[in-house]
Amino acid sequence: MSEGRATVEIAHGVPTIAVSTSSTLPNRTGSWKYIQPVYQDKTAPCNAACPVGIDIEGVMNLLRLDRVEEARELLLRENPMPATAGRICDHACQGSCSRARFDEAVSIHAVERMLGDLPGVTRPAPPRTRKEHVAVVGSGPSGLACGYHLARLGYAVTMFEADPEPGGWLRFGVPEYRLPRPVLVREIERIRAEGVSIQCGVRVGVNLPWEDLSRFDAVFLGSGARARESFEWEDQGLTDVRPGEDFLHEVRAGQRGRTGRRVVIVGGSDTAVDCARTALRLGAEPVVLFAGAREEMTADAEAVEEALREGVRFEFFARVVGMQVSEHADDEQALEAIRGMFDAPEGGATRPRIVGVACVRMQPAQIAVDGSRRTVSIPGSSFVLPADTVLTAVGAEVAGDVLPADLHRRGYVLKVDAFGQTSRPGFFAGGDLVDEPRTLAHALGSGKRAAIGIDRWLRTRAGEAVPALDEPALRYGGSGNMSITRWRGDDPVRRVNELNEVVAFDQLNMAYFRHEPSMPDHHRAPGESGADFGESNLGLSRDEALAEAKRCFNCGVCNDCELCMVYCPDVAIKKHPSGHGFSLSYKYCKGCGLCVEECPRGAMTMTREGL
Amino acid sequence: MKKVIVGNHAVSWGVKLARAEVIAAYPITPQTQVVEELSEMCASGELKARFIKVESEHSAMAACMGASMTGARAFTATSSQGLALMHELLHWSGGGRMPIVMAEINRALAPGWNVWTDQNDSLSQRDTGWIQLYCETNQEVLDTTIMAFKLAETVDIPVMIVLDAFVLSHTAEPVDIPDQKDVDAFLPKRVARHKLDTGNPQAFGALTTPAVYMEMRLRQQEAMEDAVGALEAIDAEWGRQFGRTWGAVETYRTEGADLVLVTSGTVTSTTRHVVNELRDQGQKVGLVKVKMFRPFPGADLRRVLAGVKDVAVLDRNISPGHSGIFAEETRAALYDLPAARRPRVHGYIIGLGGRDVTPATIEECIQKTRDAASAAVPEREDVWVGVKS
């Protein structure tokens, strides 16, 4: 016996206290149970909420271990454009983050942006393992995503872009201060590096007949929705009333963008806010008119916040009822002087000019039967907002005229199945051509879904076996977007008894988390950022983003915290020999459920199965 | 260093000076201040102990047991319903021979709901294998707290320090607080005789068959018997070092007394005052204070009470259907005396549920004893004093 070791003295033939030196192994407490725990990795709410279909939780878990390169690879499996999405996606993931119920949501977008901005690793394009060749029409986010995923699946991909440069709406529709050109260029280079060939200046259906695409084995349509619903006052020959998209396009194309000093923007979309902030940077005084409440705008709430900080004026609950026009504008001279700073409109002073926008105040009415809130005008509340230019941002429709006429439609959009296939076999579609919210995330997600659809279709056509996964099994939580990793069946993350169900907040155990507020993005000062087109939101540093990632609860997924092992009163839980996860001895587990109760992230379940 | 502190804080200071390593407790009036002060001492770093907040007294004792089995010096405090909730684990810690120290602030048990003092809560735990030490003053509380750790660790039996709710727990008195280095010399770090040790895997408290259970109880009983002498030795050592001794049993002006009052807790101070007054009037009245209730110092009581004519035991407690508990124990202890030297024992039930015990209450007990002494047979075993007729 070593020195200092406690010894139990014997008297009356017994020690001081009841001592047993045999082990508890003969006591098979497992026979007592009528219910037992299982390890069961589930789906985090962020994964299910992401329209791109990213294993966000998996990325966060790798970052928790500072495995930054692997985290980036996991992200790039599902999203080819993290630097872009980290900046301008409306991050539905954060809206669903369970941490928001505890303190504040994890700043997922900032983590994604940091990973997207990491210097790239140059490596050869994946080998072309498929003989088929796929055409992608349009190089907006849906086309880029579809081409990227197809190339990574081994297909040859040729992309046709009508504009001189690729990027689609990302290039012409998003202002420089939100998405700097070099960021977009790097992202597209990453996609090219996967072996996607992009041919610019080719408008399929105009300078390349649709029939020429018959040499391809499949086609993805991602040509977007550049044409728009008409705004009733645009048709009155008023050149001062213009689509906001055109204005943004002009500015992105390097033109000054024609506006007067007083710019009224009509609408509540991202485009409306982009127009206002762009006009502000050009020296104008923008006012955004929106018929509803601030929270009803479809624009990104943070972008609205930034616009307000920069000095954009918003008129909520205000609706346009008419344009005030004058042959001779009152302040003609002053206006001309200011217009001289911009491109002077053609036609000179003789043509009718906007001098103001007639508006009426709105108020919320009762909730409609379908749950939507309607607004009604307040009698006698009309007012005039002085204006030199009106930019409209009220929606876009599909540029249907150039698409093959035989494709079935539903309203403005193409009819597609769950995998994005149109009514013509081998023709798939995504992005703004299909019936989904017109966001970057949905575009990237629909492109990926179509890539899976194309792979499935081509392999079936070639008589090959395809994964027998039904559609919900491919979708995160059964209803999120599809995972190409699940389709490929090569998940680098080891999962235990995976259950494709979203873990709710009340399945987590908050006792094991500390309150720790989220780190807000860095911004340039409003006075500074409102004056030029340099990026206004500066994101987070690498270390700050890593700290954010470590705030993740890892909902539903075992991250080896070992609490189950610590609490097991029967010592029935051991570290798994692989180094990840645990092995549970049912011979000794008596089914008390402590492990399940204590698991902070709902990665264990009590079950009667197997008993 | 002298400080004016309440009884509860005298406990906290004692625990701090004893360098307790783990404190687990759940708050209850009137005990709360004890652990409140300790939690602040832990938070400020002046006491390097692990303070564990728990969800019940049952868990508090469970945490102390776990800590004690790793060799740590563990402490808790409670009162009344909290102590009752701990009951099962008092047997575990007593039978498991874990030298835990607990401060027990005497509070009446519900119903009716009552936060004031009486001794039924601690006395209900008489048979759990815990040493019980009743205190009269805040100085005694502080000194006893430190000695309690030494006593517990000497005989491997847990110790309960008992003090009256409010009358002592919330009453401020000047207390001499010894220097840490002197206390360290008196009470070195605990050396556990048996503890959890991964280098020597053992399980404690496992199934014990009829073939050995009785011997284990015998050993517990022998250790309890040893505790009387151990307290005497520790008390003497304390006296040598700090100039104060308390004794398991203290006599006060018993020389030549024909009537001796037996008391415990703060009633003792009031009784001292009455004894002084009656002695001034020429009455031969004395006082015996019982500090140690378990193990019961029967031999000491026989020694100091032999030959006294009448003994009046003041009980701030009642064993329903029987009698006051100190009276019952005193009667049993004195029964072994030869009949000629055996006093008559009169029991008085006083001050239950925090009812004031005044000099008049004690004088009434004395008068009733005098009256009963002239009768051939006492009217009844115990007399309730100060109750409405």
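Predicted model: local features only at pLDDT ≥ 70, side-chain atom pairs only at ≥ 80, totals over all residues.
1. Chain A as a whole. The secondary structure of chain A amounts to 20 helices and 25 strands, and of its 611 residues 45% are buried. When contacts in chain A between residues at least 6 apart in sequence are considered, 74% of them join residues at least 24 apart.

2. The side of chain B that touches chain A. Contact between the chains involves 21 residues of chain B and 15 residues of chain A. On the chain B side, the elements that contribute two or more residues are β9 (203-204) and α8 (210-242), and α8(B) gives the most, with five residues. By class, this side of chain B is made up of seven nonpolar, seven polar and seven charged residues.

3. Strand pairing between the chains. Strand β3 of chain A, residues 19-20, pairs with β9(B) in the antiparallel sense over two bridges. Within this pairing, V19(A) has F204(B) as its bridge partner, and β9(B) is also one of the elements named above for the side of chain B that touches chain A.

4. Helices α2 and α3 of chain A. Helix α2 (residues 56-64) and helix α3 (residues 68-78) of chain A pack with their axes 8 Å apart and at an angle of about 170 degrees, which makes α2(A) roughly antiparallel to α3(A). The residues that meet are G58(A), V59(A), L62(A) and L63(A) from α2(A), and V68(A), E70(A), A71(A), L74(A) and L75(A) from α3(A). By class, this contact has seven nonpolar residues, one polar and one charged.

5. Helices α10 and α11 of chain A. Helix α10 (residues 244-252) and helix α11 (residues 270-281) of chain A have axes 9 Å apart and pack at an angle of about 50 degrees; α10(A) and α11(A) are therefore oblique to each other, and their crossing is left-handed. From α10(A), the residues G244(A), E245(A), F247(A), L248(A) and V251(A) meet T271(A), A272(A), D274(A), C275(A) and T278(A) in α11(A), a contact with five nonpolar, three polar and two charged residues by class.

6. Helices α9 and α12 of chain B. The axes of helix α9 (residues 267-280) and helix α12 (residues 359-374) of chain B come within 9 Å and cross at roughly 65 degrees, which makes α9(B) roughly perpendicular to α12(B). This crossing is right-handed. In α9(B), T270(B), T271(B), H273(B) and V274(B) meet P359(B), I362(B) and E363(B) of α12(B), and the contact comprises three nonpolar, three polar and one charged residues.

7. The seven-stranded sheet of chain B. Chain B has an open sheet of seven strands with mixed pairing, in the order β3-β2-β4-β5-β7-β6-β13. At its edges stand β3 (50-53) and β13 (292-294) of chain B, each with a single partner strand, so one side of each has no neighbour in the sheet. Neighbouring strands of this sheet are turned against each other by 20 degrees on average, direction ignored. Strand β2 (residues 22-25) of chain B runs parallel to β3(B) and is joined to that strand by four bridges, with V22(B) standing opposite R50(B). Helix α6 (residues 138-155) of chain B packs on the sheet, where it touches β5 (101-106), β6 (131-134) and β7 (159-164) of chain B, and its direction makes about 165 degrees with that of β7(B).

Key:
Residues numbered from 1 in each chain as written. Chains lettered and ligands numbered in written order. Contact = placed C-beta atoms within 7 Å. Nonpolar A, V, L, I, M, F, W, Y, C, P; charged D, E, K, R; others polar. Pairing = 2+ DSSP bridges. Axes fitted to C-alpha atoms, helices over the stretch in contact; angles between N-to-C directions. Parallel < 35°, antiparallel > 145°, perpendicular 65-115°, else oblique. Left-handed = near helix turned anticlockwise from the far one by under 90°. Buried ≥ 20, exposed ≤ 12 C-beta atoms within 10 Å, placed from the backbone.
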